[in-house]
Amino acid sequence: MTALVDSAEPRVQPAAGGAGRVRRIPGRRARSNLTAYLFLAPGFLLFLALIIYPMIKAFQMSFYDWNVVAGATSDFIGWTNYQQAYHDPVFWRALQNSALYMAFTVPPQIVLGLAVATLLNNKAPGRALFRVLFYLPVVTGWVVVSLLFQYLFADSGLVNWMLHDVTHLTGHDISWLSGRWTGMVAISSLGVWKGVGWSMMIFLAALQGVPKELLESAEVDGAGRWQRFRAVTLPAIWPAAVFVTVMLVIGGFNVFISVILVTNGGPADSTQVLLTYMYQQAFTNLNFGYGASIAVLLTVGVFVLSAIQLRMFRADPEVLA
Amino acid sequence: MTTVSPIRQAVNRAGPAVRRPGARPGSLSRSGPRYLLLVVGAAIMVLPFIYMVSTSFKSQTYVLTIPPQFIPHPATVSNYTDAWTTDNFARYFLNSAVVAVITTTVSLLLSSMMAYAFSRFAFPGRELLFKVLLLGLMIPPIMLIIPQFILAKYFHLIDSMLGLIVFYVGFSLSLNTFLLRGFFQAIPVELEQAMQVDGAGAWTRYWRLILPLAKPALATATIFTFLGSWDEFTWSLTIINTPSKRTLPLAIALFQGQNSTLWGLVFAAAVIAVVPVIVVFLVFQRYFVQGLTAGAVKG
């Protein structure tokens, strides 16, 4: 692993007698440890306060009828918040919508990202330009692209104009944002559009590692394009594919800004996803305990799902990073 | 050697020198359809932006017409002047810039110090503390927003730009430390040992040797932290109430919420917010790729 300055420093250590060394090393080590902790302290304490403490706090809050007013007491109510979630139809619909969003966005982002990366992989002219263009939506903030898609999917917006007036695929204008399914389609298409460039970048990096000699020899052996892809390319980029899948699933669970800005969970909670529902419960209904329990459920869900995927694909997360 | 795959055998037999004539990857007959696909894909990526810019130059009458106007006629810059002056977006731009600059500076200082400790010292608990820090990479910030709000309230950080900065730094520590630690580890230890012989203390080595050598990694971390702060929406939506303290994403979203049909103005403000991002991206492209492949960065 790492070679460490303060664990092996032959030049600094005076080659004195045995007794002197034994006394010196503990002193130096203690000082070196102190130095390390001093370097670590400001950042790590902030991290503990702002990230780790809230993790524990969220867990605790989920068992309380949390009262946010200063000085007021909060009552411990055991599993009541979780039971409320179990009996809450909107929670289940939000869960369905989150799953739906993942189903609509994860496979297309993988397939399209890999496809674009494959098309760009050869040293063709214009490659750098295409890479930039596909990556533009990724660097643009969620707020701007969400408003942009709200505009594109408006009743007399560009999407309806394309589908109805130009190509006549639909007989009438669709009111995209006032229905559950059409609303989810609009939000999901935004997710795919914004995310393809990201998976493309990861796959492009992974494709650099595909052994070229192997591809050429396979071609000499008469392997077709698809066979070469299956036998040579796919095994080489497999770790990257697993990484992309896991990250996209986590990202799918995290969909929030696009939903809150495009449909705001409406109409009548029909496009609510888990995070928008959590947010609404906490900051609109001031139901902090219930909101926290949804966040805890979601976190547990993300961890379990990631673990299952990594097991299924037999990949070590350390290797991927 | 009994289970050698057919492909491996092919490598052994043919070697890399043999290549079928006419099958060069760049040949024109094969790249035609490929370019068509790429152009169509790129158009889908870029056209919404172009349409957005176009709308930002339209007057209100023309923002939602059938058929849509692609080239604004008559074109007007009044959306930009209105957004910048009467709708206060100059102020929001300044707020965003101040918050992003301070966040990035503080975060890079704290993260690089942590990365230095993790990469150059063998102190008790190092592995454990590093694993705890990595937890921050796995938990998306929004999952913690409720307890963080309670915490911010307790420390009177609600409705203040300091509250934005403090938590943005907190969100970015894990990734930056992870990123920088990897880079620091690759710096040869001998350089530091030489400095140590000359009597340089740990801070001098960190400040004078490691940081200057780690410029590429620091650039990557700077870009991701700056843009993360520049684009952040959820936390600012949660804690900021006073209009004059809004950052750009919050201001744009709330402005659109109140004036849902003033698309020209909304997009003028959006263009104002996006242009710096695109400039940073175009100038520092290679650092984006480095950051993406070095760690788990998802936009």
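Mentor: Start with A:Leu286, which is partly exposed, with 13 other C-beta atoms within 10 Å. A residue is buried if 20 or more other C-beta atoms lie within 10 Å of its own, exposed if 12 or fewer, and partly exposed in between, with C-beta atoms placed from the backbone. This is a predicted model, where local features need pLDDT of at least 70, side-chain atom pairs count only at pLDDT 80 or more, and totals for chains, interfaces and linings use all residues. Residues are numbered from 1 along each chain as its sequence is written, and chains are lettered from A and ligands numbered from 1 in the order in which they are written.

Trainee: Where is A:Leu286 found?
Mentor: A:Leu286 sits in the loop between helix 11 (274-284) and helix 12 (288-313) of chain A. Helices (H or I, at least four residues) and strands (E, at least two) are DSSP runs, numbered from the N terminus.

Trainee: And what is the phi of A:Leu286?
Mentor: A:Leu286 has a positive phi of about 55°, and it is not a glycine. Most residues other than glycine have a negative phi.

Trainee: What about A:His168, buried or exposed?
Mentor: A:His168 is exposed, because 8 other C-beta atoms lie within 10 Å. Its phi is positive too, near 55°. A:His168 lies in the loop between helix 6 (158-166) and helix 7 (180-207) of chain A.

Trainee: Which peptide bond is cis?
Mentor: The one from B:His73 to B:Pro74 is cis, with omega near 0°. B:Pro74 is in the loop between helix 2 and helix 3 (78-84) of chain B.

Trainee: New topic. How many helices and strands does chain A have?
Mentor: Chain A has 13 helices and two strands. Of its 321 residues, 43% count as buried.

Trainee: How do helix 8 and helix 9 of chain A cross?
Mentor: The axes of helix 8 (residues 212-220) and helix 9 (residues 225-253) of chain A come within 10 Å and cross at roughly 150°. So helix 8 of chain A is roughly antiparallel to helix 9 of chain A. Axes are lines fitted to C-alpha atoms, for helices over the stretch in contact, and angles run from 0 to 180 degrees between N-to-C directions. Angles under 35 degrees count as roughly parallel, over 145 as roughly antiparallel, 65 to 115 as roughly perpendicular and the rest as oblique.

Trainee: Which residues meet there?
Mentor: A:Leu214, A:Leu215, A:Ala218 and A:Glu219 in helix 8 of chain A meet A:Arg228, A:Ala231 and A:Val232 in helix 9 of chain A.

Trainee: Now both chains. How many residues are in contact?
Mentor: 92 residues of chain B are in contact with 86 residues of chain A, contact being C-beta atoms, placed from the backbone, within 7 Å. Helix 2 (residues 28-56) of chain B gives the largest share of chain B's side, twelve residues.

Trainee: What about helix 5 of chain A and helix 12 of chain B?
Mentor: The axes of helix 5 (residues 142-152) of chain A and helix 12 (residues 248-258) of chain B come within 9 Å and cross at roughly 20°. That makes helix 5 of chain A roughly parallel to helix 12 of chain B. A:Val143, A:Val144 and A:Leu147 meet B:Pro249, B:Ile252, B:Ala253 and B:Gln256.

Trainee: What else does B:Ala269 touch?
Mentor: Not counting residues up to four places away in sequence, B:Ala269 touches B:Ala83, B:Phe89, B:Ile252 and B:Phe255.

Key: Two residues are in contact if their C-beta atoms, placed from the backbone, lie within 7 Å.
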